[in-house]
Amino acid sequence: MRAWLNDFGVGVRLAVSGGRTSLARFVLSTIGVGLAVAVLLLAASVGPILDARAARELATAPDMAPIAGVAPTLQVSLSSVSEGRRIELVYLRGTGPNSPVPAGIPRLPGPGEMFVSGALAEVMAGSALGERFPQRTVGTISPDTVRDPQQLTAYLGSADLRDSQALRVYSVYKFGFPPRDGRPLEPDALLLLLLGTIAVLIPVFIFLVSSTRIAGVERDRRLSALRLVGSDNRQIRRIAAAEALVSSVSGLVLGAGLFLVGRQLAAQVTLFGASVYPEDIVPVWWMAALVVLAAPVLAVFAAQFALRRTIIEPLGVVRHSKPTSRRVLWRLAVVVSGVLVLGWRVNQDATTGPPDTSFWAISIAVGVALVLLGVPALLPWLVERSVSRLRGGPTSWQMAVRRLQLDSGTSSRVVSGVAVVLAGAIAMQATFASQADDLELTYLDATSTARANVYALQPAMAETERVLDSLPAVAAWSLTRSVEMRIGERTMIAEVMSCELATTMRKVPDCVDGKVYREDNIDLSGFPTGAKTTLYVPSFDSSSGMVASGEWVVPGGIVAMPYRDGPDAYVSAMLLVTPGAIPQLPPVKAAASYTVQLDGSVPDASDRLRDAIGLLSWQVSVSTSENRTYNSQQETFLTIRRGLLIGAIFTLLLAGLSLLVLAVEHIRERKRPLAVLAAGGVPTAVLARSLLWQIAIPIAIGVVVAVSLGSLLAAQMMLVMHNPLFMDWAGVTTMAGAAAALVLIVSLLTLPFLRSATRLDSLRTE
């Protein structure tokens, strides 16, 4: 035990007090490990973050179950948008002295009053948004009941809020539900979550291991010197383990510090519309314990694994000679095993159908993990084989190639983390696109504001039409009505709108009131001219939702109009009918829907429309694609996608920082040779380009590997999910360009370190 403690002490002293070189290695390793630990601790906090958000939502959820002796609170929830940010509006009116009050506010707001969230109060104080709400702010909603710190929410009082057949006005007898255990995810959602987690966390562990192997050549020289003074092979391994352990423990401390500091800044950061309270970012205890144990264990394992080919001898190390070629069979076996697992899953599903179980998702995730692990396994071998055949070129190119020929492992290992992110992103992109199509979501989340829909209750119709007539932001508008025309079992959907809107929005040429128009790809053979159809219009007091409203004779001379597609198209109906062609429609009884074409030349036209309509209170609402509501399954998908995108951003940032640490370590390790080259007349620009090529060559090979394996994964995933393959090559190109930009940014950041290393005083030696 005493001998072990002595060896451990030697390793500690070499790590922290072995001169400037040892100290630089210790600092760089600590930074690398600290960054990886901070990301892992953040990943371990995702569960508590989601649980806290869900608990806040449950705290204000309305309970409509009648309670004897309780006068209900009437509630209607609407949404609005200001400068691209969604605002949740909840109108309330108590019907008695004991009407329930939502958690977070002391009382129900009276007529002309409102309680707002802290974020909404800040926005209203610094903009003209307050003009949209005539109510007076009387208090702030408690953060304990607001989903996230940047959420814009308001509780507004209303004296005339009442039950309406045309609007979801709820009679609430109690607010809030106790926190409950989360329901198990659907297999598709679980698969999505597992794939994204794997694609994000594998690079983090790669960076963690790579950080513990910084300056491996110098470590071998020190260990060789220890052999010269009498240390045996076992002592050398214990000393190497102690060195790695010291940097990993200090990295743990730094990572915990970065995590705690970043935690305090979380409320000020919004990514993909989500922000987090600092107090919610608490790692799951057993996950945090795993991180604390994993960092030193991986560091010691990496240090011992690195010595497997390094025979430490008193007169030097074998790494001064040509390194032994890497074997490829086991590397290919990792990828092939993953492909076989996915192929087995495809064959099983083809025979029995996709099972509705978690095992289905887990087995697919295992196959994907093996394929992604093949990226860091294959990349060092491919870089080694590629650079060994490179000859000639400019001086900077030759210097970089020769450096990679001598030691390509470190660069390849760090770059493989970037490649894993890229490969995982390609596979995830195809999976997301498929899921978005199945759930009827717009994958790119296009937020067109060229068209808006205004929904008004019948008492507010006249005032709504007056606002639309007088508002400069409105180019054209029309009362639009959806009508079903039925002949037997056949149904045709028609949209009734004015010629003004049809001309502006649909570009109908020479529109005449009294005419009927159709999309040029619609077949009207089932609705011949002169045929009598039964008209059905929406009815808010009918259980079927539609009620018969007379007959209509199909007119002759229906004009074809060009089919239009895209976010601004209006293609929900097969026929476009002008009001004069269908005079027998009954008047609007409960609520009207107006379609508005906004004037693109007016800045913030949609916000101006909302500001004007907002004065009409709860009886009128404006909707665009920006404030679309989703069902629970769609919300689950969007939440998972948002979380994984945030995780991918953090991982790419970690990749960039790791590349920077690697580049700085390369400069520090070769400080004296670089100074000699500069003193001999080699321009600093040539040396800078050499460092650029040292990172760019592995990155280029990594991109090729990532695109190949990512495309393979995407194809197999679509076979497993029985969906057509959709590859967004523009997105793939963007991601590859981001990897190239990462190289350029890292190279620019290393220039100050390079100038410092090439000064003449760097020629001094001890």
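**Notebook: salt bridges, a disulfide and the cores**

I began with a charged pair: E484 and R486 meet through their side chains in a salt bridge, 2.7 Å from N to O. R486 is partly exposed, at 27% relative accessibility. I noted for myself that this is a predicted model.

**Entry on the other salt bridges**

I looked up the total next, and the count is 12 salt bridges. Which residue does R56 pair with? Its partner is D280, and the closest N and O atoms are 2.6 Å apart. I checked where the two sit: R56 is in helix α3 (residues 46–59), while D280 is in the loop between α7 (233–264) and α8 (285–306). That puts them 224 residues apart, so I filed the pair as one that links distant parts of the chain.

Is R56 buried or exposed? I found R56 buried, at 8% relative accessibility. D280 is buried too, with a relative accessible area of 9%.

I then turned to E113 and R107, whose side chains form a salt bridge at 2.9 Å, N to O. Here the two ends fall into separate classes: E113 is buried at 12% relative accessible area, whereas R107 is partly exposed at 38%.

I also noted a network of salt bridges that links R132, D607, R610 and D611.

**Entry on the disulfide**

How many disulfides are there? I counted one. The disulfide joins C499 to C511, with an S to S distance of 2.1 Å. C499 lies in helix α14 (residues 499–505) and C511 in the loop between α14 and β12 (516–519), 12 residues apart. I read -75° about the S-S bond, and the link of C499 and C511 is left-handed.

I looked up burial for both cysteines. C499 is at 15% relative accessible area and C511 is at 18%. Both count as buried because the cut-off is under 20%.

**Entry on the nonpolar cores**

I moved on to the largest nonpolar core, which has 63 residues. Those with the most contacts inside this core include L191, I364, V368 and M717. Which helix gives the most to this core? I found that α18 does, with 15 residues. Other elements that give two or more residues include α5 (187–211), α10 (358–387) and α16 (632–669).

Beyond its neighbours within four places in sequence, I364 is in contact with L191, L342, R345, M717 and V720.

I finished with a second, separate core of 24 residues, which includes M461, L471, V596 and L598.

How values were computed: Residues numbered from 1 in each chain as written. Predicted model: local features only at pLDDT ≥ 70, side-chain atom pairs only at ≥ 80, totals over all residues. Heavy atoms only, no water. Disulfide = S-S within 2.5 Å. Helix = DSSP H or I, 4+ residues; strand = E, 2+ residues; numbered from the N terminus. Buried < 20%, exposed > 50% of the residue type's maximum accessible area, 1.4 Å probe, protein only. Core = buried A, V, L, I, M, F, W, Y, C linked by side-chain atoms within 4.5 Å. Contact = heavy atoms within 4.5 Å. Salt bridge = Lys/Arg side-chain N within 4 Å of Asp/Glu carboxyl O.
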